[in-house]
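The sequence and structure are shown first.

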Amino acid sequence: MSKKHPGGEYLPSTPSTPSTPSTATDRSPDREVPAATPAPAPAPDPKRWWALAVIALAQLMVVLDGTIVNIALPSAQHALGMSDADRQWVITAYTLAFGGLLLLGGRIADLVGRKRTFVIGLAGFAAASALGGAAAGPGMLFAARALQGAFAAVLAPSALSLLTTTFTDPKERARAFGVYGALAGGGSAVGLIVGGLLTEYLNWRWSLYVNVPIALAALLGAPAFLRDRSGRRGGHLDVPGALLGCGGLVALVYGFSEAEPRGWTSPSVLTLLVAGVILLVAFVWWQSRAASPLLPLRIVEDRVRAGSLATMGLATIGMFGVFLFLTYYLQVVLGYPPVRTGLAFVPISAGIVIGATQIAARLLPRTAPRTLMSSGMVLAAAGMVLLSSLTVHAQYVTHVLPALLLLGLGMGLTFMPVYATATAGVPAQDAGVASAVLNTVQQMGASLGTVLLNTIATGVTSRYVHSHVHDPAHGGATLDEGMVHGFSVAYWCSAGVLLLAALVAGLTVRRKTPKHAGDDAPA
């Protein structure tokens with residue numbers, strides 16, 4: 001027989017612990033046996049908050065690296081002689097490998113053990129970062145970025161599943177997920193700040209080298225503070241599922257990334273998109289029949305979890321265009337240097353941290369998750385509407401700052417309950433893959449949102465410039481005005497996506513506050 005630990009572990013009962021207080025000499029049928037007294041719950045791990053610090057470092061590194069090279073990219077392109085057509089692969093190689101391999105990374109975490117895969121992911125990410133920093137040519141940098149994405153796909157689901165099984169008390173769990181949600185939402189903006197500082201005062205290579213000391217600090221703390229059971233014995237990797245799922249995601253992302261330079265009607269783009277859809281449909285079909293599926297469909301069949309995942313995907317689709325467009329707006333239109341551009345994003349990071357840790361974490365134990373999610377998305381949509389009114393002569397304090405504060409608070413209010421709700425009630429043996437699904441949705445949303453919104457903005461800008469090329473009233477300001485007009489249209493589209501996320505959260509996410517995650521709940 002076995003008994004269940006609150007964190008989802010099964011602990012063997014020992015013969016020296018009888019089920020009742022009676023002994024072998026007092027088991028007479030005439031003697032009344034007192035009722036069994038439930039065993040007290042094991043004390044929480046005293047090192048759990050140090051474990052949170054280690055997990056938070058890893059999460060910060062993974063999220064930060066999605067944007068830290070953005071500001072450094074012009075310098076890297078010049079130093080390595082990259083063409084304009086090839087420079088996108090510095091970003092795309094990372095996002096493709098990360099998003100395409102996340103489900104596989106989550107299942108590996110369940111089979112091998114989350115702590116072990118966490119350490120492997122940290123070490124590999126640090127090595128890939130050092131390789132990228134030392135790149136002697138574009139090909140070496142592209143390969144290093146792809147390796148970073150692959151190891152991030154192992155590291156991210158391990159980190160989140162370790163968090164779900166370490167914190168099971170509702171109040172502590174809310175605080176822990178508040179910290180995690182703040183890092184998940186604010187890390188991208190922090191990456192822009194750090195990238196600007198490193199590029200201006202050192203050089204672009206340090207935007208990659210900076211990951212090495214962060215990873216080493218987490219590696220030193222992992223053996224001492226992380227607790228996890230060993231991997232599940234007898235399990236097998238779903239290789240056909242991995243090929244179908246990863247292939248479908250990569251084809252979709254690559255197809256959307258090529259839509260801007262080649263056009264939506266290009267045969268190669270259409271082929272990639274159709275192939276991606278077909279592969280993903282085949283993936284779902286195979287998962288319903290595989291003996292050891294890569295993604296057990298029971299994880300996404302739950303309406304509440306599916307609604308949380310959809311909310312996260314829509315939120316990241318609507319949000320991540322902000323970083324790209326505002327970076328170009330501040331540097332190209334307003335003429336900000338890299339450091340000033342990075343510092344301009346501080347308010348959105350501050351808003352996310354406050355929204356996640358000081359508001360959402362305090363309200364979640366007694367507030368419906370969908371209320372927080374929907375409210376956050378409405379606030380973020382209001383911020384997007386403010387950004388849509390920017391002009392070539394707008395002032396940062398009066399026009400940009402209020403929008404960034406609304407966006408930050410809205411995202412903080414949304415991310416924290418989404419992470420808590422999407423991972424609640426998942427069987428412990430599926431915690432890794434459930435975490436991977438959430439990370440996959442976030443990464444794919446960010447990739448698709450950036451590509452789609454950039455395609456919209458670029459198309460609108462091109463048409464605006466073409467229509468005003470012979471207008472003497474605009475003169476040399478036409479390009480800047482066209483760029484800002486394109487951004488404005490994209491911001492309106494983002495606002496619509498965020499309002500759709502608010503609607504999805506309100507209709508699908510239950511009113512009940514999640515109690516535990518990582519428990520062996522019935523499938």
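A residue counts as buried when its relative accessible area is under 20%.

## Glycine 321

The model discussed here is predicted. At a relative accessibility of 1%, glycine 321 is therefore classed as buried. Glycine 321 is located in helix 13, which covers residues 321–333.

Glycine 449 lies 128 residues away from glycine 321 along the chain, yet the two C-alpha atoms are separated by 6.3 Å. Once neighbours within four places in sequence are set aside, glycine 321 is in contact with Thr450 and Leu453.

## Confidence of the model

The average pLDDT of the chain is 77, and 80% of the residues score at least 70. Residues 1–35 have a pLDDT below 50; this stretch has 36 contacts in the model beyond near neighbours in sequence. The pLDDT is also below 50 over residues 515–523, where the model contains 37 contacts beyond near neighbours in sequence. Where pLDDT is low, predicted coordinates should not be read in detail.

## Helix 1 and helix 4

Two packed helices are described by the angle between their axes and the distance between those axes. Helix 1 (residues 48–64) packs with helix 4 (residues 114–133) at an angle of about 40°, and their axes are 12 Å apart. The two helices, helix 1 and helix 4, are therefore oblique to each other. The crossing in which helix 1 passes helix 4 is left-handed. On the helix 1 side, Val54, Ile55, Ala58 and Met61 meet Phe118, Leu122 and Phe125 of helix 4.

Helix 4 itself consists of 20 residues and reaches 28 Å from its first C-alpha to its last, close to the 28 Å expected at 1.5 Å a residue. The buried residues of helix 4 include Phe118, Leu122 and Phe125, which meet helix 1. Also among the buried residues of helix 4 are Gly121, Gly124, Gly132 and Gly133.

## Helix 3 and helix 5

Helix 3 (residues 89–112) and helix 5 (residues 138–166) have axes 6 Å apart and pack at an angle of about 30°. Helix 3 is therefore roughly parallel to helix 5, as angles under 35 degrees count as roughly parallel. Helix 3 and helix 5 form a right-handed crossing.

## Helix 17

Helix 17 comprises 27 residues, 396–422. From the first C-alpha to the last, helix 17 reaches 36 Å, close to the 39 Å expected at 1.5 Å a residue. Of its 27 residues, 19 are buried, so helix 17 is largely enclosed by the rest of the structure.

Key
Residues numbered from 1 in each chain as written. Predicted model: local features only at pLDDT ≥ 70, side-chain atom pairs only at ≥ 80, totals over all residues. Heavy atoms only, no water. Helix = DSSP H or I, 4+ residues; strand = E, 2+ residues; numbered from the N terminus. Expected span 1.5 Å × (residues − 1). Buried < 20%, exposed > 50% of the residue type's maximum accessible area, 1.4 Å probe, protein only. pLDDT = per-residue confidence, 0-100. Contact = heavy atoms within 4.5 Å. Axes fitted to C-alpha atoms, helices over the stretch in contact; angles between N-to-C directions. Parallel < 35°, antiparallel > 145°, perpendicular 65-115°, else oblique. Left-handed = near helix turned anticlockwise from the far one by under 90°.
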